[in-house]
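Dear colleague,

Please find the structure below, together with its sequence.

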Amino acid sequence: MKIEIKNLKKKFNENYVLKGITLTIEKNKSTIILGQSGCGKSVLIKTIYKLFDIESGSILYDGKSEVDIDKFSMLFQYGALFDSLKISENIAFTDFINNKTNFKKKVYSLMNDVGLDKSIFDLYPSEISGGMKKRAAFARALYKNPKVIFLDEPTTGLDPINSDKINELILRVITKRKITAVSITHDIKSAIKTGDNYYFIDKGVIQDKGDCKKILKTKNKIFKSFISGAKY
């Protein structure tokens, strides 16, 4: 799915968080949204996801203003697994809450895709590592075969080794499944590894954009300052 955003504005009370955002999320590509906390990137994602209304501007989904949000999926920053549910039930949550029970084969397939061993199928989140939790959350996000997946700080809370593994996993899975991916992150290394295009937002305005492989060559002073203090 291709998503085109033109002159998008969003405010809370009288405070504009997005001040005329224009960008394109290319179909089957990985787009990275970078910026400090509070810059507006999370609000942007939630607005694309139809969780927030917009003040002005437009968002087109494959050329249309309306979209079925069931085509979207989200990998939350800290996984957001349900502690009271088994890993299999977390992954198959959309079927589990509708009392469907024939999800075992699909869950096993997704666990294999994200590098999880079958032995944790009946375990609970408290019984597995942080890296495994992130993989399980990723499998859950893939469960309904989304056209677009949003990844909120996918490497947060992980050590460098597991961060690299998650980055490789994201890159492999979205390429294999031909999914449009949109990530918000502070992790410059992750952005370079997993992204095709990037947009850098500062105070609700896009300050820089380009090819992820050329991030470190940016000439934008604000973005350079962000990079020097970011994780790389």
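Leaving aside its neighbours within four places in sequence, L44 is in contact with I5, L8, L18, I21, L23, I33 and I201, where contact means heavy atoms within 4.5 Å. This is a predicted model, in which local features need pLDDT of at least 70 and side-chain atom pairs count only at pLDDT 80 or more, while totals for chains, interfaces and linings use all residues. Residues are numbered from 1 along each chain as its sequence is written, and side-chain values use heavy atoms, with hydrogens and water left out.

L44 belongs to helix α1, residues 41-48; helices (H or I, at least four residues) and strands (E, at least two) are DSSP runs, numbered from the N terminus. With a relative accessible area of 1%, L44 is buried. Here buried means under 20% relative accessible area, exposed over 50%, and partly exposed in between, with a 1.4 Å probe and protein chains only. The helix as a whole is mostly covered, with six of its eight residues buried: K41, V43, L44, I45, T47 and I48. After α1 comes K50, which has a positive phi near 70°. Although L44 and K10 are 34 residues apart along the chain, 8.5 Å separates their C-alpha atoms.

Strand β7, residues 180-185, is mostly covered, six of its six residues being buried. In a regular strand the side chains alternate between the two faces of the sheet. In β7 both faces are covered: T180, V182 and I184 are buried on one side, and A181, S183 and T185 on the other.

Strand β3, residues 30-34, pairs with β7 in the parallel sense over five bridges; two strands pair if DSSP finds at least two bridges between them. In this pairing I33 stands opposite I184. Strand β6, residues 148-152, also runs parallel to β7 and is joined to it by five bridges, with V148 opposite T180. From β6 the chain crosses through helix α6, residues 160-177, to β7 in a right-handed β-α-β crossover. Right-handed means that, with the strands pointing away from the viewer, the path from the first strand over the helix to the second runs clockwise.

**Nonpolar cores**

A nonpolar core is taken as a set of buried Ala, Val, Leu, Ile, Met, Phe, Trp, Tyr and Cys residues joined through side-chain atoms within 4.5 Å. The largest core has 31 residues, of which I91, V107, F138, L142 and I149 touch the most other members. Two or more residues of this core come from each of α2 (87-91), α4 (104-113), α5 (130-142), β6 and α6. Helix α5 gives the largest share, six residues.

Beyond its neighbours within four places in sequence, I149 is in contact with S73, F138, A141, L142, I174, I179, T180, A181 and V182. Apart from this core lies another, of 27 residues, including I3, C39, L44 and V182.

**Rings and charges**

The structure holds eleven aromatic pairs. Rings of Phe, Tyr and Trp (its six-membered ring) pair if their centres lie within 6.5 Å; planes under 30 degrees apart count as stacked, over 60 as edge-to-face and the rest as tilted. One of these pairs is the edge-to-face pair of Y49 and F72, at 5.3 Å centre to centre and 85° between the planes. This pair links distant parts of the chain, 23 residues apart: Y49 is in the loop between α1 and β4 (56-61), and F72 is in strand β5, residues 72-75. Both residues are buried, Y49 with a relative accessible area of 12% and F72 at 0% relative accessibility. Ring pairs link Y49, Y61, F72 and F150 into a cluster.

A charge sits over a ring if NZ of Lys or CZ of Arg is within 6 Å of the ring centre and within 35 degrees of the ring normal. K10 lies over the face of F12, 5.0 Å from the ring centre, and the charged end of K118 sits over the ring of Y108 at 4.9 Å from its centre.

S190, in helix α7 (residues 188-194), is buried, with a relative accessible area of 2%. Strands β8 (residues 197-202) and β9 (residues 205-211) run antiparallel and are joined by six bridges, with Y198 opposite G210. They form a hairpin with two residues between them, and K203 in the turn has a positive phi of about 55°.

With kind regards
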